[in-house]
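Dear colleague,

I am handing over the structure we spoke about. Please look through the sequence and the coordinates before reading on.

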Amino acid sequence: MDTISVIGGNQLNGSIPISGAKNCALKLMCAALLTDGTLSLENNPNSLRDINSQVELLEYLGCAIKRENSSMTINASNIKAYTAPYDIVRKMRGSILVLGPLLTRFGQAKVSLPGGCAIGGRPIDMHIKALEEMGATIKLSEGYINATAPIGGLIGAKILFPKVSVGATENLMMAATLANGQTVLSNAAKEPEIIDLGECLIKMGAKISGLGTDTIRIEGVKHLSGTTHSVVPDRIEAGTYIIAAGMCGGTLRLENARIEHLSAALGLLSQSGIEVEQEGNDIIVHRDIGRLQGVDIMTEPYPGFPTDLQAQFMAMLTLCEGAGMVTETIFENRFMHVPELCRMGADISVQGNSAIVRGVNKLRGAEVMATDLRASVALVLAGLVAEGETIVSRIYHLERGYEDIVGKLGNVGANISRVSGRLQL
Ligand code: UD1
């Protein structure tokens with residue numbers, strides 16, 4: 001199995017192109033199921049493993065898909081199956097997002113309970129309950145969700161989510177586009193990826209208002225059409241490279257990235273000593289020599305600090321002056337990078353959903369492995385500043401969410417390479 005080798009100590013200088021957001025692209029691809037027209041996506045992160053899994057699933061259902069560079073076209077005029085099988089769905093949680101579109105357009109869907117990163121239980125009860133409120137009959141059996149819509153289709157409803165959920169908001173927003181009457185989603189998620197999905201659905205003919213607020217209103221229509229849409233830049237990829245530049249020092253230009261999508265992180269980065277600014281379509285990040293300061297972070301739904309940047313921020317805190325507290329409020333069990341960072345010399349103690357990170361003078365390279373996507377990238381970041389060589393195994397996690405991370409970091413000065421065939425840890 002391949003590993004990634006990182007030899008720490010280099011500054012980062014130059015440009016990194018930021019890809020389209022994985023967490024939006026996966027949902028936009030599911031939106032193609034809502035129409036017999038062709039959906040053309042631009043700036044799609046086509047080389048990611050999660051995108052491959054979604055392609056596999058949509059092709060299994062009968063979609064015709066073409067990919068070229070960062071473009072993808074999807075046509076769902078010839079759907080042959082309404083079942084999303086375990087073998088495909090287990091690889092990635094984003095596949096649960098076929099449920100709403102299949103159910104609302106075809107009146108039936110059978111979807112395996114999802115897999116994805118091992119960061120806690122990650123139930124889907126809110127998706128199911130909300131679809132039931134729209135009139136669906138849902139039975140769980142043998143690991144599958146079996147859903148049917150009433151004759152005549154799903155019925156608009158007032159849905160109050162008991163907690164903010166990105167996936168449930170997206171699934172229900174898509175289901176509501178073709179339902180009868182109005183659906184109101186309260187306590188909806190406000191992530192930029194949801195706004196982007198909503199804007200694409202509007203271009204397809206959906207009637208949606210309130211995107212970016214906690215109340216989204218959808219007036220059901222009879223039919224949606226194909227359209228062309230460019231995927232919003234990946235704020236988590238951009239945030240990861242901002243942190244990389246902060247840790248290593250130097251100046252990076254992150255091409256095609258939006259600073260306004262990272263506002264909660266920016267204040268903390270600046271308190272810590274990292275300068276970040278927008279220049280046209282790019283983000284410029286700069287740090288001089290000198291130690292960063294420890295700061296406290298707490299993950300929250302958008303616009304709060306993103307849970308998907310928590311592990312990377314913690315890697316940065318390991319070398320800061322003083323201490324920082326990291327509190328994770330979105331997922332239980334999202335500190336699996338901690339033991340690996342400690343093996344590299346970090347001083348971190350975890351109590352419940354908080355971790356105290358006391359800055360140390362240096363990290364040392366080690367053989368490490370991670371159990372989820374963002375934890376894996378945190379180990380790469382730690383490797384960039386550690387003394388000696390860090391070998392990160394199980395890199396398929398990284399390939400789920402970071403396009404060409406070795407090339408992108410290598411081009412700006414990191415000593416990083418992919419090594420074939422090393423012994424898997
Ligand atoms: C999405 C992102 C993931 C990100 C997360 C939070 C994708 C593919 N993944 O995941 O990278 O970390 O948002 O920003 O876009 N919950 C329930 N019941 C449900 C649904 C969720 O209890 O039916 C809980 C979850 O366990 C979690 C919280 O709600 O504690 C938020 O999860 P949610 O926003 O739904 O995350 P995902 O959409 O799975």
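This is a predicted model: local features need pLDDT of at least 70, side-chain atom pairs count only at pLDDT 80 or more; totals for chains, interfaces and linings use all residues.

Ligand site

There are 19 residues around the ligand, and those that come nearest are Lys 27, Arg 93, Ser 165, Asp 308 and Ile 330. An oxygen atom of the ligand sits 2.7 Å from a polar atom in the side chain of Lys 27. On the side chain of Asp 125, an N or O atom lies 2.7 Å from a nitrogen atom of the ligand. Ile 330 takes part through its backbone, where a polar atom is 2.5 Å from an oxygen atom of the ligand. Taken on its own, the ligand has 740 Å² of accessible area, and the protein covers 89% of it. Helix H1 (22-31), helix H5 (125-133) and helix H6 (166-177) are the elements that give two or more residues to the shell around the ligand. Of these elements, H5 gives the most, with 3 residues.

A buried charge

Glu 403 is found in the loop that joins helix H13 (396-401) to helix H14 (405-411). With neighbours within four places in sequence left aside, the contacts of Glu 403 include Ser 19, Pro 45, Ser 47, Leu 48 and Glu 237.

Backbone geometry

Most residues other than glycine have a negative phi, and most peptide bonds are trans. Some places in this model depart from that.

- The peptide bond from Tyr 302 to Pro 303 is cis, with omega near 15 degrees. Pro 303 belongs to the loop between strand E18 (297-298) and helix H10 (310-317).
- Asn 43 has a positive phi, near 55 degrees. This residue is in the loop between strand E3 (38-42) and helix H2 (49-61), and is buried, its relative accessible area being 18%.
- Asn 187 also has a positive phi, near 60 degrees. Its loop runs between strand E11 (182-186) and helix H7 (192-203), and at 25% relative accessibility Asn 187 counts as partly exposed.

Regards

Technical notes: Residues are numbered from 1 along each chain as its sequence is written. Side-chain values use heavy atoms; hydrogens and water are left out. Helices (H or I, at least four residues) and strands (E, at least two) are DSSP runs, numbered from the N terminus. Contact means heavy atoms within 4.5 Å. A residue is near a molecule or strand if one of its heavy atoms lies within 4 Å of it. A polar contact is a pair of N or O atoms within 3.5 Å; within protein, one must be able to donate a hydrogen and the other to accept it, and residues adjacent in sequence count only if both atoms are side-chain atoms. Accessible areas come from the Shrake-Rupley method with a 1.4 Å probe; for residues, only the protein chains shown count as cover. Buried means under 20% relative accessible area, exposed over 50%, partly exposed in between (1.4 Å probe, protein chains only).
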